[in-house]
Amino acid sequence: MKTFDVPVYYRSPLISAIKKKRKTDDKLKKDFSPTLLDFGPLRIYLARHFGFCYGVENAIDIAFKTVEENRGKRIFLLSEMIHNPQVNKDLTSNGVQFLQDNSGKQLIPFEDLTKEDIVLIPAFGTTLAIEQKIRDLGIQLEKYDTTCPFVEKVWNRSEVIAKNNYTIIIHGKPKHEETRATFSHAAANAPSVVLTDMAEAKELAKYILGEKPATQFYEEFKGQYTEGFDVTKHLERIGVVNQTTMLASDTQAISEYLKEVMMQKFNLQEDTIKERFADTRDTLCYATNDNQSAVTGMLDVAADLAIVVGGYNSSNTSHLVELCEEKLPTYFINSEEKIISQTTIMPYDFHTGTEMITENYLPAKVPATVLITSGASCPDAVVEGIIKKLAGFYPASKSIDALMEQF
Ligand code: SF4
C-alpha cells in the first residue's frame, strides 16, 4: 500500500514499532488478536488494527503539503479535514480556514472566495452541487481534492446499480459529510433514499409491502430521499450501498432484511432475486472492517475496561465504542487530558452527546487489564500519550523503553 508523508508528531515510535512487527509476522492480516504491553501492575492490550487509515493519511499528506507549498495564499477547507480535533486544530493554526461546519452550515460565504484561493475537499468528499459552485468561481479542485478512494468506490458502485435501473438505498447517517456526498452522487444517477438504521429499514419495508399509505413516506423520510421520488414506483428494484464507516453487522443485517422483503413482495427465490435486488456486497472500507474485526479479537481477552480514542464526531470510532460497550465498561476519550487522575476520567457519552466525570474507572486490584483501540482519524501519538499516562499511575511499571525492546 502507498505510504504517505504525515507530520512526525502524529506518529508514535512505540506504536510504529508494534505495527511494523505485527505486519511482518502476519502479512495476510489473519491474526486479529491484540498486542500485550505488559507493564507489570498494568496490562494493556492494543487492538491489532487501529489509527490512521489510508484515506486519512492521504488527506493529511495533501493538506500539509498544500500549506507548505502555498505560503501567503488563502487556503480553505470545505469542512473538517477528518474527524479529529487535533489535526483540524493544527491545520487552522497554519492559517487554513473552514468554509462550513460539520452539519453543512456555511461559516464563510462561497462568494468571498476568489480564483486565486485554494479549496481543499476533505476525505469524506463533497456534494456535486458544492463542487460545481467552487468550480464556477474559477477555483481548480483536482490537486486539492483529498476524497478517499474508498469513498469514491461507493460512488462508483452506486453508479453501476443506477445504470441497471435499481433505486439506491444508502445505509448511513443522513447528516454525515460522507453520506451527504454519496447521496448527491447517487441522486445524479437514480432515485435514492438514506436509511439510518434497521428501524428505518423496517419502516421502509412497510412501503415496499404496501402496509403503509404512500403519502406518509414523504413526511417520515423527509430530507432523506431524492427530488421526484415516487414511493409507488421507485421501490420496485433496489440496491443497497453504505457509508464506509458503519457497523459491519448493521449494514449486513439491513441488506439481508431488505432482500428478504423484496423476495416476499415479488415472490422471488435466491436464483431470481436479481430481478429486484442488486447483488451488492457491503461498501465498508478495509479500515472499518479491519478495525472492527480487531476489536472483536481484542474483546476475547478478559479485561477490566476498554478505552476507545478518537474524535467525538467520528462515525468509525463511535462504532468501535458500541462494540466494546457490549462487553465491558468503555471510556471514549479524545486525548490523554480526559484522564484526569488515577481515579477520575472524563469520557464522552455519544448516546447523549455529553462528557461526564466518572470516578474509579481503574480497578483497585493489580494487575489492571485495559483494552485500547482508536479510530481511523486518531494519531498514534495520542494513543501513546494515553498509554504513558496510565502506566505513570503504577510506580512499579516497566518503562516504555524496556517494552520497546520486544518490538
Ligand atoms: S475510514 Fe475508510 S473510507 Fe474513510 S477515509 Fe479511512 S480508508 Fe477512507
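The legends below describe several close-up views of a predicted model.

**View 1. Strand β9 and its burial in the predicted model.** Strand β9 covers residues 305-309, and because 5 of its 5 residues are buried, the strand is largely enclosed by the rest of the structure. The burial holds for both faces, with L305, I307 and V309 covered on one side, and A306 and V308 covered on the other.

**View 2. The strands that pair with β9.** With strand β15, which spans residues 368-374, β9 pairs in the parallel sense over 5 bridges, and within this pairing I307 has I372 of β15 as its bridge partner. With strand β10, made up of residues 330-333, β9 also runs parallel, and here 4 bridges join the two strands.

**View 3. The ring pair of Y207 and F221.** The structure holds 18 aromatic pairs, and one of them is formed by Y207 and F221, whose ring centres lie 6.3 Å apart and whose planes stand at 75 degrees, so the pair is edge-to-face. Since Y207 belongs to helix α7 (residues 198-208) while F221 sits in the loop between α8 (214-220) and β8 (238-242), the pair ties together parts that are 14 residues apart in sequence. Both Y207 and F221 are buried. These two residues also belong to a cluster linked by ring pairs, in which they are joined by F217, Y218, Y225 and F229.

**View 4. The ring pair of Y312 and F332.** For Y312 and F332 the ring centres are 5.2 Å apart and the planes are at 80 degrees, so this pair, too, is edge-to-face. Y312 is found in the loop between β9 and α11, whereas F332 is part of strand β10, and the pair therefore ties together parts that are 20 residues apart in sequence. Are these two residues, Y312 and F332, buried or exposed? Both Y312 and F332 are buried.

**View 5. Charged side chains over aromatic rings.** In one place K19 lies over the face of F50, at a distance of 4.5 Å from the centre of the ring. In another, R276 lies over the face of F266, and here the distance from the ring centre is 4.0 Å.

Definitions and conventions: Residues are numbered from 1 along each chain as its sequence is written. This is a predicted model: local features need pLDDT of at least 70, side-chain atom pairs count only at pLDDT 80 or more; totals for chains, interfaces and linings use all residues. Side-chain values use heavy atoms; hydrogens and water are left out. Buried means under 20% relative accessible area, exposed over 50%, partly exposed in between (1.4 Å probe, protein chains only). Two strands pair if DSSP finds at least two bridges between them. Rings of Phe, Tyr and Trp (its six-membered ring) pair if their centres lie within 6.5 Å; planes under 30 degrees apart count as stacked, over 60 as edge-to-face and the rest as tilted. A charge sits over a ring if NZ of Lys or CZ of Arg is within 6 Å of the ring centre and within 35 degrees of the ring normal.
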